[in-house]
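I set down each item in the order in which I looked it up.

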Amino acid sequence: MKGKRVALLILLLIVAFSLSGCLFISVDELYALPKHSDQYNDLQAAIDQAMTPDLSYSAPISGQNQQAIQLVDLDGDSEEEAVVFLKSTGDKPLKVYIFDSVEEHFENVAVIEGDGSAYESVEYVQLDGKPGLDIVLGRQISDQVLHAMSAYAVYDNRVVELMSANYSEYTTVDLDLNGCTDIVILRSDSNDRNGVVELYRYRNDQMERDPEARMSTATESIQRIVTGQVDNNVPAVFVASTYEENNLVTDIFAMKDGTFQNISYSAESGTSTQTVSNYYVYATDIDSDGIIELPRLELLRTTNADDGGYWIIHWYKLKLNGENEDKLTTYHNYSAGWYVTIPDAWGNNITVSREYDDSGVRGYVFSKWNGYDKDAEMIFTIYAYSGDDRNTLATEEGRFILGEKGEVTYCAVLGQCDWAQELGEEGLLRLFNFVHIDWNSGEK
């Protein structure tokens with residue numbers, strides 16, 4: 001209960017500041033806990049006592065935990081400890097103070113010190129399988145590309161370092177399905193352009209490093225890291241990187257035959273086999289079945305040479321034996337934020353073109369391909385209307401609403417061909433989807 005009350009008070013403080021417009025409050029005062037309850041006053045007093053003149057708050061600058069004061073159950077006693085991120089001058093300027101309630105009073109029970117200019121990120125995961133959460137702490141080392149990471153466990157108010165390493169990027173995931181979180185580190189190799197990937201797992205009462213695997217590209221080209229299942233009950237790390245200008249290559253790291261491998265790497269090409277010529281198309285769980293699908297792009301045919309360049313995406317999963325299993329086909333309009341699932345019966349026998357309605361709004365026309373010597377037959381056209389009268393326009397002249405996003409209404413009109421009649425309004429509503437935005441990366 002103590003932890004929940006403190007967390008609630010912090011939240012109330014943030015809300016109060018937001019509503020009051022107190023712009024004269026200093027940074028240190030903003031990070032300070034609200035002076036309210038007796039328990040809170042005790043914690044505040046303990047922090048104040050530890051704050052020497054050379055110390056200041058220094059919150060992590062990225063990741064999901066970006067508060068200078070964080071509440072976490074580190075020792076598994078069901079009571080949250082206060083983890084305070086500070087910075088000083090001199091040697092080992094980055095300091096993490098841990099406060100715990102000892103005989104009803106908060107005390108500074110441990111300090112973690114380290115080099116660096118700032119805290120890059122912090123995560124709380126269970127690495128060793130023991131009660132409580134462990135700390136995975138990344139630090140910026142001046143302006144270098146590589147950062148420094150350390151993992152810590154807290155046993156009886158004693159901090160134990162489990163591992164440390166340099167990294168360019170990292171993620172945490174349970175790859176071997178033993179119930180404990182593993183650390184996957186990506187870093188550059190001074191002797192090789194390609195990046196290397198290391199897996200750290202808690203075994204034999206310590207964090208052990210598995211033999212490293214190779215990336216297809218340099219770590220500087222990494223665009224996105226996603227964790228998920230590559231196959232049923234096979235967790236993996238998907239690393240998307242730019243490759244040769246605007247190409248995107250996806251490396252997949254997983255346990256195979258008991259060893260940590262890049263299961264998508266092709267020795268013949270020297271790169272991952274999952275390469276697409278589109279900067280926006282990332283691996284994702286497109287059909288929400290818990291498996292991360294990979295994209296394969298196909299250029300659509302067109303009846304108008306000036307209206308080409310449209311692609312459909314074949315989504316498939318990569319099995320551990322190297323085989324591909326097709327899952328879904330879509331047309332994605334990333335710039336507009338929507339996509340349409342293409343029925344299997346249509347195959348690639350569709351075309352996409354553009355037309356404008358009477359008000360000048362552009363529509364995307366999906367048509368049945370009948371060959372180069374025959375006219376294509378419209379299946380449906382999708383429009384996007386904005387403005388105060390958008391819903392009215394979206395329901396005129398045979399159009400029906402597909403969905404709304406922000407201040408934009410998306411609608412469609414069906415054609416007269418057999419595919420259009422078989423599909424119907426309800427069928428198109430099932431095929432139409434909005435593109436999901438990854439809020440952590442800002443990517444689609």
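I began with the term patch: such a group is made of residues with over 30% relative accessible area and no salt bridge, like charges being joined within 9 Å and nonpolar side chains (Val, Leu, Ile, Met, Phe, Trp, Tyr) within 5 Å. I note that the model is predicted, that local features need pLDDT of at least 70 and side-chain atom pairs pLDDT 80 or more, while totals for chains, interfaces and linings use all residues. Residues are numbered from 1 along each chain as its sequence is written, and side-chain values use heavy atoms, without hydrogens and water.

**Surface patch.** I found a negative surface patch formed by Asp388, Asp389, Glu396 and Glu407. Asp and Glu count as negative and Lys and Arg as positive, with His and the chain ends not counted. I placed Glu407 in the loop between strand E27 (400-405) and strand E28 (408-414); strands are DSSP runs of at least two residues and helices (H or I) of at least four, numbered from the N terminus. Glu407 is exposed, at 62% relative accessible area. I use exposed for over 50%, buried for under 20% and partly exposed for values in between (1.4 Å probe, protein chains only).

**Salt bridges.** How many salt bridges does a search of the whole structure find? I recorded 18, each a side-chain nitrogen of Lys or Arg within 4 Å of a carboxyl oxygen of Asp or Glu.

I looked up Asp176 and Arg201, whose closest N and O atoms are 3.0 Å apart in a salt bridge. The pair links distant parts of the chain, 25 residues apart: Asp176 is in the loop between strand E10 (169-173) and E11, and Arg201 is in strand E12 (residues 192-203). Arg201 is buried at 7%, whereas Asp176 is partly exposed at 23%.

I then turned to Lys368 and Asp418, which form a salt bridge with 3.1 Å between the closest N and O atoms. Lys368 lies in strand E25 (residues 362-368) and Asp418 in helix H5 (residues 418-431), 50 residues apart. Lys368 counts as buried at 15%, and Asp418 as partly exposed at 38%.

I located Asp182 in strand E11 (residues 182-189). Asp182 is buried yet has no salt bridge, and the nearest side chain of opposite charge, Arg201, is 5.4 Å away. I noted that a polar atom of the Asp182 side chain lies 2.8 Å from the backbone nitrogen of Leu175.

Conventions: Areas by Shrake-Rupley, 256 points an atom, 1.4 Å probe, with all protein chains shown as cover. Charge placed at Lys NZ, Arg CZ, Asp CG, Glu CD. Polar contact = N/O pair within 3.5 Å; in protein donor to acceptor, adjacent residues only side chain to side chain.
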